Amino acid sequence: MNIEVTKSIDRNKWKSMLGIKGDDEGSLKAQLDEAEKLIIEWASPKGIYKVMDVSQIKLEGFSIQKHLEGCDKVAVMAVTIGAGIDALLRTKQVNDMASAVIIDCGASLYIEEACDAFEEHIRNEVGMFTTPRFSPGYGDYPLRYQENILRYVDAQRKIGINITDDYLMVPRKSVTALIGISDHQVSGRLATCGECVLKDKCTLRKEGRYCGD
């Protein structure tokens, strides 16, 4: 299905991703506004999901199993903002690398907004208690499980997501995730830094922050 993204890209998060501190309301604001305009123009957000029994899903890792604790069903979801963004970035990388970096960061935030909107749609349709989404590559849930999720929802045929031999998705700005579903209140669980496979490389930890902030 097509996803309507109604929120603007969060400027504070955008500047943080770019490593910019302070309030520059001059040229930077104009650059971000122009980048957002291009992202919206070139993006085509789409999502697909399927409700399955947890027993049907291949799971690996302590963090995802703790996240789904108390759930007997799971919504398997895949979202993309389309190949247009990849084409836009390729063009900008040739002609204007600074603009390409700004758009790349903005598009990463835009796909998260699309996922938030689609997650809300799923919650409304299933009409039960749900956890937040949890993606392969987070915590100790291996990235290679993206391939399983894409297969479960037939994402290649239905919304055009492919996967490389390194388990990276094409289009680049695409997300797979699991949402736990239960007949009683569940909250899910954030992975701890100790469980994360990226703990030794994480830039957030070096700044005294973590991805739950």
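Two strands are taken to pair if DSSP finds at least two bridges between them. Helices (H or I, at least four residues) and strands (E, at least two) are DSSP runs, numbered from the N terminus. The structure is a predicted model, in which local features need pLDDT of at least 70 and side-chain atom pairs count only at pLDDT 80 or more, while totals for chains, interfaces and linings use all residues. Residues are numbered from 1 along each chain as its sequence is written, and side-chain values use heavy atoms, with hydrogens and water left out.

On this basis, β2 and β6 pair in the antiparallel sense over eight bridges. Within this pairing, V76 stands opposite L178 in β6, and M77 stands opposite A177 in β6. Strand β2 also pairs with β1 (residues 46–53), again in the antiparallel sense and over eight bridges; here M77 is the bridge partner of Y49. The strands form an open sheet of four with the order β1-β2-β6-β3 and antiparallel pairing. Its edge strands are β1 and β3 (129–134), each of which pairs on one side only. From one strand to the next, the twist averages 20°. In a regular strand, side chains alternate between the two faces of the sheet.

Burial was assigned from relative accessible area, with under 20% buried, over 50% exposed and values in between partly exposed (1.4 Å probe, protein chains only). Seven of the eight residues of β2 are buried, so this strand is largely enclosed by the rest of the structure. Helix α6 (residues 145–152) lies across β1, β2 and β6 and runs at about 75° to β6. Axes are lines fitted to C-alpha atoms, for helices over the stretch in contact, and angles run from 0 to 180 degrees between N-to-C directions.

A nonpolar core is defined as a set of buried Ala, Val, Leu, Ile, Met, Phe, Trp, Tyr and Cys residues joined through side-chain atoms within 4.5 Å. The largest such core has 33 residues, of which W14, M77, V79 and I81 touch the most other members. Two or more residues each come from α2 (27–42), β2 (73–80), α4 (83–95), α5 (97–126) and β6 (174–182). Helix α5 gives the most, with twelve residues. A second, separate core of 21 residues includes M52, L68, Y145 and I159. Contact means heavy atoms within 4.5 Å. Leaving aside neighbours within four places in sequence, the contacts of M77 include I48, Y49, C115, F118 and I122, as well as V175 and I179.

Y167 is placed in the loop between β4 (162–163) and β5 (169–170). At 30% relative accessibility, Y167 counts as partly exposed. Its phi is near 65°, a positive value in a residue other than glycine. Y167 and E147 are 20 residues apart in sequence and 6.8 Å apart in space, C-alpha to C-alpha. Beyond its neighbours within four places in sequence, Y167 is in contact with L143, R144, Q146 and E147.

Two further loops have backbone features of note. D154, in the loop between α6 and α7 (155–159), has a positive phi of about 55° although it is not a glycine. This residue is partly exposed, at 26% relative accessibility. In the loop between β5 and β6 lies P171, which is joined to V170 by a cis peptide bond with omega about 0°.
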